[in-house]
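Colleague: I would like to go through the aromatic rings in this model. Can we take them step by step?

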Amino acid sequence: STTVTAASTGFSNVHQLDIVTIHTRKGVRVLSVVLWTDCEGWSSHSASAGYLVDAATERIVAPTAWYAPYFAKQQAPLVGSRLQGTLEACKKAIAAHEKCLAHTPWLIAVGWDCMLTDEGPMFFEGNVAAYRTPRRMFLSYESMTAFFSEYCA
């Protein structure tokens with residue numbers, strides 16, 4: 001397997017990790033990590049590829065064909081690669097969410113935007129993840145049942 005710089009060959013290194021953290025009965029956890037990459041400009045809003053990343057293994061596991069029609073048929077050459085720094089970024093996102101809860105206990109889900117740099121993860125935004133969460137919790141049967149067991153049991 002390979003470790004990648006967050007872009008496929010021929011694209012810029014502009015990328016973004018979209019980390020969604022969620023406050024559960026057992027504390028703050030990572031709900032999902034999406035890599036937006038292969039950007040055609042200086043912003044991750046020009047991403048032409050997206051990937052689901054396993055937070056624990058730092059492995060790129062699938063393209064984001066589920067996200068929007070634009071990504072339904074994207075090429076996925078990075079699947080199986082390791083995205084070093086993802087675990088560190090997730091730990092920092094969890095810690096930041098935990099700090100936010102002291103002031104905003106109603107803050108259930110946060111979408112964190114960051115880049116992986118030579119100095120480590122660089123966060124540039126955190127948003128209430130009300131619109132991001134439903135897409136993530138229904139990604140798979142396992143995700144859905146885990147979500148409902150945390151909130152409906």
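Colleague: How many aromatic pairs does the count come to?

Modeller: This is a predicted model, where local features need pLDDT of at least 70, side-chain atom pairs count only at pLDDT 80 or more, and totals for chains, interfaces and linings use all residues. Residues are numbered from 1 along each chain as its sequence is written, and side-chain values use heavy atoms, with hydrogens and water left out. Rings of Phe, Tyr and Trp (its six-membered ring) pair if their centres lie within 6.5 Å; planes under 30 degrees apart are stacked, over 60 edge-to-face, the rest tilted. By this rule the count is six aromatic pairs.

Colleague: Which kind of pair do Trp36 and Tyr67 form?

Modeller: The ring centres of Trp36 and Tyr67 are 4.7 Å apart. Their planes stand at 65°, so the pair is edge-to-face.

Colleague: How many residues apart in sequence are the parts that this pair ties together?

Modeller: Strands (E, at least two residues) and helices (H or I, at least four) are DSSP runs, numbered from the N terminus. Trp36 lies in strand S2 (residues 27-39). Tyr67 lies in the loop between strand S4 (59-63) and helix H1 (86-101), so the parts tied together are apart by 31 residues.

Colleague: Is Trp36 buried or exposed?

Modeller: Buried means under 20% relative accessible area, exposed over 50%, partly exposed in between (1.4 Å probe, protein chains only). Trp36 has a relative accessible area of 8%, so Trp36 is buried.

Colleague: Which residues do ring pairs link into a cluster?

Modeller: Trp66 and Tyr67 form an edge-to-face pair, 5.7 Å centre to centre with 75° between the planes. The cluster linked by ring pairs is Trp36, Trp66, Tyr67, Tyr70 and Phe71.
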